Amino acid sequence: MGERMLVPFNTHVSTWSRPHYIGGLQIGSRMTLVKLRSGLFVHSPLSPDEGMQESIAREGHVKHIIAPSLYHCMHTEAFASAYPNAKVYGPPGLPEKRPGLGAIRVIENGVEYAWSDEVAHHVIGGLPALNEVAFLHRGTETLILTDLLFNVGANRPLLTRLFFWLTGGYNRPAPSLLLRRFFLKDREALKESLLHILEWDFEKIALCHGNNVTHDGRRLLEEAFAFLLGEARGD
Ligand SMILES: [Fe+2]
């Protein structure tokens, strides 16, 4: 937690993590950088400082800035002002929620963007307060998620470990209690989205909250949502 450097996840993906507390729980927050041919794709940016900007500059130039959900937009403005030549993308509803962000390109399903030759995307259904967008970096078979899965590890404070051990998401990726109880508004729509994502080829999952998944990602995502995927269709 709280690295002062970019940590390589694989050949094209690196991350920068910081402690982040919600309700006394240290859930952490992580920014993910993907090296594309066109430049850097920065997912869920954190507020930049000089050290971070120096590290990023060694990786390449920032081209695409992604606010991946309606909650992961807190530092987008600060990050975007440090990289005025990059374009900012966000989920449906973000321009209304954060008018100060200015010219955001809204990400929609079925639309191609400047990064689409290397990165696939899917706006996840059923979670309207989040509108999380899932991404797949095809070259490294890496799925990039925001709040869909938590995977808190043994390096967290006791209360945080206990909470996720009891509710899911401790040492094994799982949707949070908050997502299951409060954010999930349409089970069928989320199920359709999961089935879409599960058709992608991926092994690894970069997460915003908790440890990244280094292998078996597809199976772990499927198991994490078995409670939903196992449900018979309503129609
Ligand atoms: Fe989050």
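## Terms and model

Two strands count as paired if DSSP finds at least two bridges between them. Helices (H or I, at least four residues) and strands (E, at least two) are DSSP runs, numbered from the N terminus.

This is a predicted model: local features need pLDDT of at least 70, side-chain atom pairs count only at pLDDT 80 or more, and totals for chains, interfaces and linings use all residues. Residues are numbered from 1 along each chain as its sequence is written.

## Overall fold

The protein chain has eight helices and 13 strands. Its C-alpha trace spans about 45 × 40 × 35 Å along the principal axes. The radius of gyration, taken over C-alpha atoms, is compared with a globule rule of 2.2 Å times the number of residues to the power 0.38. For 235 residues, a compact globule would come out near 18 Å; the protein chain has 17 Å, which agrees.

A residue is buried if 20 or more other C-beta atoms lie within 10 Å of its own, exposed if 12 or fewer, and partly exposed in between, with C-beta atoms placed from the backbone. By that test, 43% of the 235 residues are buried. Two residues are in contact if their C-beta atoms, placed from the backbone, lie within 7 Å. Of contacts between residues at least 6 apart in sequence, 52% join residues at least 24 apart.

## The seven-stranded sheet

Seven strands form an open sheet. The order is β1-β2-β5-β6-β7-β8-β9, and the pairing is mixed. At the edges are β1 (7–8) and β9 (104–106), each pairing on one side only.

Strands of a sheet pair through backbone hydrogen bonds, either parallel or antiparallel. Here β1 and β2 are antiparallel, over two bridges. They form a hairpin with four residues between them. V7 has T15 in β2 as its bridge partner. β2 also runs antiparallel to β5, joined by six bridges. In that pair, S17 stands opposite R30 in β5. β2 is mostly covered, with five of its six residues buried.

## Parallel pair and packed helix

β7 (residues 62–66) and β8 (residues 87–90) pair in the parallel sense over three bridges. I65 stands opposite V88 in β8.

Helix α1 (residues 50–59) packs on the sheet. The helix touches β2 (13–18), β5 (29–36), β6 (39–43) and β7. Its direction makes about 25 degrees with that of β5. Axes here are lines fitted to C-alpha atoms, for helices over the stretch in contact, and angles run from 0 to 180 degrees between N-to-C directions.
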